[in-house]
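Reader: Could you walk me through this model, one question at a time?
Author: Gladly; here it is.

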Amino acid sequence: RRRLSVHVRTLAAGLGAAGGGGLGAHRAAWTPRLPVRDATTPSLQSELPFRMLTRRHGVQLAYTPMLHAQMFATRPKYREATFSTCEGDRPLFVQFCANDPDTFVAAAKKVQHLCDAIDLNLGCPQGIAKRGNYGSFLMDDLDRVKALVSAAHRELDVPVTVKIRVFPEVERTVAYAKMIEEAGAQVLCVHGRTREIKGARFGLADWSQIAAVKRAVSIPVIANGNVGSYEDAEACLEATGADAVMSAECLLWNPAVFEKPQEAAAESGENAAAQPEPQELAPGLLREYADEVDAHPVPMGQVKSHAFRMLADWLMAFPDCREVLQLRDMSTDHLRGLADELERRAAAKAAEEGVERWWPPLSYRIHPKSAGASKHSHDGKEAARAGSGNAARRRIEAMRKAQKRGKVPSAAELSAAADKAAECCAEDWGESSEEDDTPVLDLDSALDDWDAALREDAESASNLERAFEKASIDAK
């Protein structure tokens, strides 16, 4: 145990030093642990090329996708399909979902020589985790949690780390964290949301619970939740006292979340306003991602998923560009060409509007601003703003699956459903909050009528998304 503790302290010190002028010693920006999104397999959205992209832009420690311990231990093809790494992909934590100590250890031993730590994911709140009895649903079986952590700590050659969610009561959360530390965990990541806060019930993370855990344990603590920008990361470190911060969902939309702003611009006499907006970075990030995919190939379906997210705002402004990402034979050259085309259109827009630079408006509000996050507010409007984009996407995903069992609607029926959605959105477009001039749109309720029309009979995912875009544009 002494040897493993030294390993983690050395790693943390190395991260702090590697950050240069970043978030400070022992306060590195940590890349995402992504939740399960698919009904059958863990998300593959933190695969190798995306990890390498984020490392270019401030990330100092990366997590793999969540791997299923039993499948990883027993199926070579699953291991080959879900895990890859390279020389520059360090420090790296390999994360597993598991509910059996022997299986967890067996899976971890397959990769412990290729990583810096093995992570046990106790934070996944999705239905697949409930059916499989893993993730956050092991919060109901603390003896099993203790057995999992103890076995890994005892038998592995690298440290075991754990990611948890919080209980509604801070006292239970603190007791949970201390038990995990005593079992042998040497880094603890705390997601400041309860197991129930997910999907349409998406709300802000409670940083005060993370701060309470940090005060109660002696091992490094990573804070997770409400981190959508570098400023958010600094605010989170200040509010929680944590040793590092993690971002998951927001990093998918902006892989440069942890890139330090150009604070020295004003001091050096440069125009401070030249700092690019997150949307403005997207074409360049896409081009860099294409280079990483060339160096570390992955299935093109994963590549398209990242491209859609990185370009979300641009595709709202230029819907015809979606056709490139829908090509069956899409290649990385197509991605570079798309990035060039978007930059050409941005230059044309800037000339047309008589401005120096142009970028699309922020179409998808997927996280609160720093000012709102730092208040830990669970106000209804705050939660609606934070979760509306995610809720809409989850509903679309559910309808994609339902379409296979439904009838094929006519174009007129799809158009009518989109018009109805636009009408509902316009009715539900709320007033501005005091600290944010962005209108509040409660999509969860606004799309109820649209759901009724399309739940069982969507012709295709692309038609469904076009209807959603039409509704959003008409509402604006």
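Author: A term to start with: buried means under 20% relative accessible area, exposed means over 50%, and partly exposed lies in between (1.4 Å probe, protein chains only). This is a predicted model, where local features need pLDDT of at least 70 and side-chain atom pairs count only at pLDDT 80 or more, while totals for chains, interfaces and linings use all residues. Residues are numbered from 1 along each chain as its sequence is written, and side-chain values use heavy atoms, with hydrogens and water left out.

Reader: Is arginine 345 buried or exposed?
Author: Its relative accessibility is 18%. The cut-off for buried is under 20%. Arginine 345 therefore counts as buried.

Reader: Which residue does arginine 345 meet in a salt bridge, and how far apart are N and O?
Author: A salt bridge here is a side-chain nitrogen of Lys or Arg within 4 Å of a carboxyl oxygen of Asp or Glu. Helices (H or I, at least four residues) and strands (E, at least two) are DSSP runs, numbered from the N terminus. The two partners are four residues apart in helix H16, so about one helical turn separates them. The side chain that arginine 345 meets belongs to glutamate 341, N to O at 2.8 Å.

Reader: Why does the pair of arginine 357 and glutamate 280 tie together parts that are apart in sequence, and how many residues apart are they?
Author: The side chains of arginine 357 and glutamate 280 meet in a salt bridge of 2.7 Å, N to O. Arginine 357 lies in the loop between helix H16 (332-353) and helix H17 (370-373), whereas glutamate 280 is in helix H12 (residues 278-295). Arginine 357 is partly exposed at 27% relative accessibility, and glutamate 280 is partly exposed at 22%. The pair therefore ties together parts whose distance in sequence is 77 residues.

Reader: How many salt bridges does the rule count?
Author: Side chains of opposite charge can pair when their charged atoms come close. Another case is arginine 195 with glutamate 196, whose closest N and O atoms are 3.7 Å apart. By this rule the count comes to 21.

Reader: Which residues of strand S4 point the other way from Leu92, Val94 and Phe96?
Author: Strand S4 (residues 92-97) is mostly covered, with six of its six residues buried. Leu92, Val94 and Phe96 point one way. On the other side are Phe93, Gln95 and Cys97.

Reader: Which residue in S5 is the bridge partner of phenylalanine 96?
Author: Two strands pair if DSSP finds at least two bridges between them. Four bridges join S4 to strand S5 (residues 117-122), and these strands run parallel. Across from phenylalanine 96, the bridge partner in S5 is leucine 120.

Reader: Which residues have the most contacts inside the largest nonpolar core?
Author: A nonpolar core is a set of buried Ala, Val, Leu, Ile, Met, Phe, Trp, Tyr and Cys residues joined through side-chain atoms within 4.5 Å. In soluble globular proteins, nonpolar side chains tend to be buried together. The largest core here has 60 residues, and those with the most contacts inside it are Phe96, Ile118 and Ile180.

Reader: Which strand pairs with S8 over three bridges?
Author: Both faces of strand S8 (residues 221-224) are covered, with Val221 and Ala223 buried on one side and Ile222 and Asn224 buried on the other. Four bridges join S8 to strand S7 (residues 187-191) in parallel. Over three bridges, also in the parallel sense, the partner of S8 is strand S9.
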